[in-house]
Amino acid sequence: MLYTQKLFICNITSWLSRRTRHIINVYCSTLTNGNLPKQQKENIDIREMEELIEIKTELPKMKKKNKAMEYIEKSISCDEEILDIIKKVNPDTSDIIQLLTDKNILLEKAQITKLLLIDKDTAAKYVSLIKNDLLKNTCYIAELNPGFGILTRELLKAGVPLIHLYENNLKLHDILKIICTKYPGKLKLIFNKYYTLFGNKKTFYIKNDIKKYQDNFQEIKSKNWEDETCMQIIGACDDINIFSFIIHNTIFRIGFMFYGRPVFYIAVSPSVWHNYNICNNLLTYTYTKVMFKLMFNFELLGTLNRKAFIPWPQKKQYKRNTSNLLAKQNYEQLYVIKLEPKADIYTQLSPKDWITFSYFVRHFMHTRRTRVIPALEKWVPDCGIKLIAKDYTIYTQFGDLTPTQILELFKEFKSWSDYKYSHFIDSMNNSVGAHNEFEFLK
């Protein structure tokens, strides 16, 4: 009897609004067996009330999940080829949809930035944005996290001769293997141990991890840095530190940069792009912006529908209107970015000098209001006269300088005879040398 009463109460909660919450108490009190002792009645009332509150709390989450599942199901059912492939792997497509909404698969802390494309029309638009530039050089095409191969098929239709698929989710390998058999000689499936090849730069402080990471690209033919790109990388990533990771690769010539210059075609959130490309004030003028602008050529190619990638982002509200506008963009769009290391960076500085320069920039851009002359005189006494001759004043701050001017300041600083004996060298070696980063260049 009590079980029937609970079911009845659960059914009515789905249509109860906030204004009628008091009705719950009425149903709890009228449905309780009147023959029970008073204390037992109160215990049952409290327990049922707690269950009702828990059910009402979970309802919004259930609706949100169902909405996401409906979108995924609709996207898959509209793509006859992928639907046919999924049914061959598992006739019950609901299992695949459940896989895509499984928090253990997509929403782990380590995998929160992994984005899977599930919409055919969006995949076609993505390819249309990059294909003219991509087809100029297809020496080694790498697609990161291909998922169901929806973008993969569009790339093949555009004329890409061979695609290397890097997917670490073994549950999706069965689907990708069928796609590989449908396009013989055009796809190569590679199991990627790392959750995403857009990894964490701390990985590279351990030499064994560096080797394992670079083994992912062992088939790439090495090229000189000044030559055309050795690799074309396509993917989507929602990590705010994605470009910091690529900058780190470039400075130390590891990971993606080990065999030469790659070119990236990446779908990222608007906030990630603005974080590196736009500087409105001293607070947003950081080390990464300086290195990003000096080391890379970049271009915004277009936008994609954010809902075509899973997991979906959460809506956020901020006090400032500008933050709300950016949050809305993050919820609705992804930016497709072309990113390529500059071919002439080693005409500016040697590989080892780029490591030294990166420490120089990081040290002074930590506090952009630091004045140039007093700061450098701590390392090279009486250098202020030389800097004044170069049009610096006692009031010039590091935040006043453009990235190019910071590079020229470093070259000037390095050209002084006292540079080799300055405290700067010891400071840098203690910081950089702690991780043996110079050994990466040997």
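In which loop does Asp391 lie? Asp391 is placed in the loop between α18 (384-389) and α19 (403-415), and the legends below return to this residue.

The model is predicted, so that local features need pLDDT of at least 70 and side-chain atom pairs count only at pLDDT 80 or more, while totals for chains, interfaces and linings use all residues. Residues are numbered from 1 along each chain as its sequence is written, and side-chain values use heavy atoms, with hydrogens and water left out.

**Figure 1. Overview of the chain.** The chain contains 20 helices and nine strands; these are DSSP runs numbered from the N terminus, helices being H or I of at least four residues and strands E of at least two. Of its 442 residues, 48% are buried (under 20% relative accessible area, with exposed meaning over 50% and partly exposed in between; 1.4 Å probe, protein chains only).

**Figure 2. Packing of α11 against α13.** The axes of helix α11 (residues 242-252) and helix α13 (residues 287-295) come within 10 Å and cross at roughly 60°. Axes are lines fitted to C-alpha atoms, for helices over the stretch in contact, and angles run from 0 to 180 degrees between N-to-C directions. The two helices α11 and α13 are therefore oblique (angles under 35 degrees count as roughly parallel, over 145 as roughly antiparallel, 65 to 115 as roughly perpendicular and the rest as oblique). Phe243, Ser244, Ile247, Thr250 and Ile251 of α11 meet Tyr287, Thr288, Met291, Phe292 and Met295 of α13, a contact being heavy atoms within 4.5 Å. This contact of α11 with α13 comprises seven nonpolar, three polar and no charged residues (nonpolar: Ala, Val, Leu, Ile, Met, Phe, Trp, Tyr, Cys and Pro; charged: Asp, Glu, Lys and Arg; polar: the others, Gly among them).

**Figure 3. Packing of α16 against α19.** Helix α16 (residues 351-365) packs with α19 at an angle of about 115°, the axes being 11 Å apart. Helices α16 and α19 are therefore roughly perpendicular to each other. From α16, the contact involves Asp353, Thr356, Phe357, Phe360, Val361 and Met365, and from α19, Ile406, Leu407, Leu409, Phe410, Phe413 and Lys414. In the contact of α16 with α19, nine residues are nonpolar, one is polar and two are charged.

Figure 4. Most residues other than glycine have a negative phi. Asn145, in the loop between β2 (141-144) and α8 (150-157), has a positive phi near 55° and is buried, with a relative accessible area of 7%. Asp391 has a positive phi of about 75° and is exposed, with a relative accessible area of 69%.
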